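Open your viewer and get ready to click along.

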Amino acid sequence: MLYLVEMDVNIPESWSEEKLQDYITREKACSQGHQKSGKWVYLWRVAGKYSNVSVLDVESPDELHQIISSLPLFPYMDINVKSLCKHPNAIRETMI
Ligand SMILES: O=C(O)C[C@H]1C=CC(=O)O1
């Protein structure tokens, strides 16, 4: 199952630079682990925003939630999920 996931990151203003860097380091390790597993297929930065657009290929909505909620910054993100299916006019057989 393919999902388009939009994540807007909202870092609390009260965070120190040290705390922010700690979260960013752990976030990178976590998301790169999911990317290496093949579950997190695309990760794009939205130009000009602390946001990303991602495509995940997972077995179920439960697995999607497990992956997204494993991110250290999960409590600090507004997340929008869209379920994807094949467009009838798409010329490629493979979606990803
Ligand atoms: O920087 C972000 O967009 C937040 C987060 C989501 C995945 C990742 O590696 O970082």
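Helices (H or I, at least four residues) and strands (E, at least two) are DSSP runs, numbered from the N terminus. UniProt, in an unreviewed entry, lists residues 1-89 as "domain: Muconolactone isomerase"; such annotations may be inferred rather than shown by experiment.

A note before zooming in: this is a predicted model, where local features need pLDDT of at least 70 and side-chain atom pairs count only at pLDDT 80 or more, while totals for chains, interfaces and linings use all residues. Residues are numbered from 1 along each chain as its sequence is written, and side-chain values use heavy atoms, with hydrogens and water left out.

Now select the ligand and show its surroundings: Val9, Glu27, Ser31, Trp40, Leu43, Arg45, Tyr50 and Asn52. Each counts as near, with a heavy atom within 4 Å. By class, this shell has four nonpolar, two polar and two charged residues.

The protein covers 90% of the 280 Å² of accessible area that the ligand has on its own (Shrake-Rupley method, 1.4 Å probe).

Finally, color helix H1 (17-36) and strand E2 (40-45), the elements that give two or more residues to the shell. E2 provides the largest share, three residues.

Key: Ala, Val, Leu, Ile, Met, Phe, Trp, Tyr, Cys and Pro count as nonpolar, Asp, Glu, Lys and Arg as charged, and the others, Gly among them, as polar.
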